[in-house]
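I opened this model to look up its fold, its core and a few single residues. My notes follow in the order in which I looked things up.

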Amino acid sequence: MLRPGGRLVLFCPDEQAYRAHCAATGQPYNQHHVHADFSLAFVKRALGESAPCAILHETPLVDVYSWELVVEKTAPAPP
C-alpha cells in the first residue's frame, strides 16, 4: 500500500509497441506478456480508479518500446 506522499516509479513496456518491434526485427516475442492492452494509458486509468494521485513525471516512449511514470499518492479529500 502506498501512503499519502509516497511515490510510485514505473518503467514498463508498451505492449503494442513491443509487439510491433518484435515483428519488425524478427525478435522472438515474450509469451509471458499476457495483457495485450498494457500501456501507459492503461496504467494511468487503473491508478485513477484506485487511489487519488498526482502525476509528477511521464514519458510515453523511452528507447524503443518502454514508458516511464512517476506518481505521488495524494491525501483523499475530506468528506
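**Entry 1**

I began with S39, which lies in the loop between α1 (15-25) and α2, where helices (H or I, at least four residues) and strands (E, at least two) are DSSP runs numbered from the N terminus. This is a predicted model, and I kept to its limits: local features need pLDDT of at least 70, side-chain atom pairs count only at pLDDT 80 or more, and totals for chains, interfaces and linings use all residues. Residues are numbered from 1 along each chain as its sequence is written, and side-chain values use heavy atoms, with hydrogens and water left out.

Is S39 buried or exposed? At 14% relative accessibility S39 counts as buried, given that buried means under 20% relative accessible area, exposed over 50%, and partly exposed in between (1.4 Å probe, protein chains only). Leaving aside neighbours within four places in sequence, I found S39 in contact with D14 and W67, contact meaning heavy atoms within 4.5 Å.

**Entry 1: the chain as a whole**

I noted two helices and three strands in the chain, and from the N terminus on the elements run β-α-α-β-β. The radius of gyration is 15 Å, well over the 12 Å that the globule rule gives for 79 residues, so the chain is more spread out than a compact globule; the radius is taken over C-alpha atoms, and the rule is 2.2 Å times the number of residues to the power 0.38. Along the principal axes, the C-alpha atoms fill a box of roughly 55 × 20 × 15 Å. Of the 79 residues, 23% count as buried, and among contacts between residues at least 6 apart in sequence, 51% join residues at least 24 apart.

I also looked up A20, which lies in helix α1 and counts as partly exposed at 45% relative accessibility. The C-alpha atoms of A20 and G6, 14 residues apart along the chain, are separated by 34 Å.

**Entry 2: the sheet**

In what order do the three strands of the open sheet lie? I read the order as β1-β3-β2, with antiparallel pairing, where two strands pair if DSSP finds at least two bridges between them. The edge strands are β1 (7-13) and β2 (53-62), each of which pairs on one side only. The twist averages 10 degrees from one strand to the next, with axes fitted as lines to C-alpha atoms, for helices over the stretch in contact, and angles running from 0 to 180 degrees between N-to-C directions. Helix α2 (residues 40-50) packs on the sheet, where it touches β1, β2 and β3, and its direction makes about 15 degrees with that of β3.

Seven bridges join β1 to the antiparallel strand β3 (residues 66-73); along this pairing, R7 stands opposite E72 and F11 stands opposite E68. β2 and β3 also pair in the antiparallel sense over seven bridges, and V62 has S66 as its bridge partner in β3. Six of the eight residues of β3 are buried, so this strand is largely enclosed by the rest of the structure.

I then turned to D63, whose place is in the loop between β2 and β3. The hairpin of these strands has three residues between them, and D63 takes a positive phi near 60 degrees there although D63 is not a glycine. Most residues other than glycine have a negative phi. At 68% relative accessibility, D63 counts as exposed.

**Entry 3: core and cysteines**

Which residues make up the largest nonpolar core? I listed seven: C12, L40, V43, L47, W67, L69 and V71, a nonpolar core being a set of buried Ala, Val, Leu, Ile, Met, Phe, Trp, Tyr and Cys residues joined through side-chain atoms within 4.5 Å. α2 and β3 each supply at least two residues of this core. Not counting residues up to four places away in sequence, L40 touches D14, E58, T59, P60, W67, E68 and L69.

The structure holds zero disulfides, a disulfide being a pair of cysteine sulfur atoms within 2.5 Å. C12 counts as buried at 17% relative accessibility, while C53 is partly exposed, with a relative accessible area of 31%.
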